[in-house]
Amino acid sequence: MNSTAEQLQCLGDIGIIPFAEKIKETDFYPLISNDTIKTMQVNVGKVCNLTCKHCHVQAGPHRTESMSRATMGQCLEVVANNKIPTLDITGGAPELNSNLSWMISEARQIGCHVIVRTNLTVFESEHCFCKPEFYAEHKVELIASLPYYTEKDTDRQRGPGVFRDSIKGLKILNELGYGQKDGLLIINLVYNPGGAFLPPAQPSIEADYHRELTNKYGVCFNNVYTITNVPVGRFLQFLTNSGNLKGYLSRLAGSFNSSTVGKVMCRDQISVDWDGQLYDCDFNQALGLKCSPGHISEFSLDAFKERKIALGNHCYACTAGQGSSCGGATI
């Protein structure tokens, strides 16, 4: 189920109130941008050393898509000209793009706060172009996927040996000063549910992570972000194959929380694909739901703020329960 049409059809034939109708019950219809754009999130490629079961962009070693330096330059120009304070870099594994260190250096020179979403295991890859020492030198904030604090559950979701390699990566980062109480070098971990259910309360699971990872493995970190699995990409395929799609979407829709709508991440961020195409968020990106303007080379802040955000039933994931964004729970 790789095509946009197939995924959208699965998400539409469910028998729930369409999200685009549900949002009319709130004060945020039509859903539009906030007055300021806080974050540009850039997917620098689909190439990854892992093939995680919940990956919405379906990244892996077999993918070849990788952002060029020219497109990165266009992104940086938009960041500088529009005073966007945060550059959030994702993938795939961003470190497998040979231009990543250049992009980070340039972003830091213009005063941008840089976040990189790493998988912690890529540092051992012979094709890793950005090492932990570089991140520390440039004060890059790291957000690292670690779906659970036990080896069994993490490896089931991300592959054999991933948990142990992740702990090794965390220890290397800790030695460089990441995760300490002084807050100078930030590393946050990401929890993703291992099945068709919502994440627990963020403060509760964060306390569990701190207790288990510190006591058993001697590693430290700053925060845990709970992110609801969005029914897109490989997770949508899992839901379909396991017969859980209808039940999961019904659970998301039944947990709709109107107080989360004003805080959804698509209202204050730009999402850029590896080829420079623009989207409201990386989940719309994975579904091919483009916005206007359509390419980073055509970007206009005024036009971007006036667009109507593209909505679909997958949006229920960001508005269910405590809410979900790339920065964790929203309320």
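**Briefing: strand β2 and its sheet**

Strands β1 (residues 39–43) and β2 run parallel and are joined by 5 bridges. This is a predicted model. Strand β2 spans residues 86–90 and is mostly covered. The sheet around these strands is open, holds 9 strands and has mixed pairing.

**Strand β2: burial and side chains**

- In β2, 5 of 5 residues are buried.
- In a regular strand, side chains alternate between the two faces of the sheet.
- T86, D88 and T90 point one way from β2.
- L87 and I89 point the other way.
- Residues on both sides are buried: T86, D88 and T90 as well as L87 and I89.

- Strands of a sheet pair through backbone hydrogen bonds, either parallel or antiparallel.
- Which residue of β2 is the bridge partner of V42? The partner is I89.
- β1, helix α3 (residues 69–81) and β2 form a β-α-β unit, and this unit is right-handed.
- β2 also pairs with strand β3 (residues 113–118), in the parallel sense, over 4 bridges.
- L87 has V114 in β3 as its bridge partner.
- From β2 the chain crosses through helix α4 (residues 100–109) to β3, in a right-handed β-α-β crossover.

**The whole sheet**

- The strand order is β6-β5-β4-β3-β2-β1-β7-β8-β9.
- Which strands lie at the edges? They are β6 (223–226) and β9 (290–295), each pairing on one side only.
- From one strand to the next, the twist averages 25°.

- Strand β4 (residues 141–145) pairs with strand β5 (residues 187–191).
- The β4 and β5 pairing is in the parallel sense and covers 4 bridges.
- S145 stands opposite V190 in β5.
- Helix α8 (residues 202–217) lies across β5 and β6.
- Relative to β6, helix α8 runs at about 135°.

**Residue K168**

- K168 is found in helix α7, which covers residues 162–175.
- Why does K168 count as partly exposed? Its relative accessible area is 43%, and partly exposed covers values between the 20% limit for buried and the 50% limit for exposed.
- K168 and V272 are 104 residues apart along the chain.
- The C-alpha atoms of K168 and V272 are separated by 31 Å.

Methods:
Residues are numbered from 1 along each chain as its sequence is written. This is a predicted model: local features need pLDDT of at least 70, side-chain atom pairs count only at pLDDT 80 or more; totals for chains, interfaces and linings use all residues. Side-chain values use heavy atoms; hydrogens and water are left out. Buried means under 20% relative accessible area, exposed over 50%, partly exposed in between (1.4 Å probe, protein chains only). Helices (H or I, at least four residues) and strands (E, at least two) are DSSP runs, numbered from the N terminus. Two strands pair if DSSP finds at least two bridges between them. A crossover is right-handed if, with the strands pointing away from the viewer, the path from the first strand over the helix to the second runs clockwise. Axes are lines fitted to C-alpha atoms, for helices over the stretch in contact, and angles run from 0 to 180 degrees between N-to-C directions. Contact means heavy atoms within 4.5 Å.
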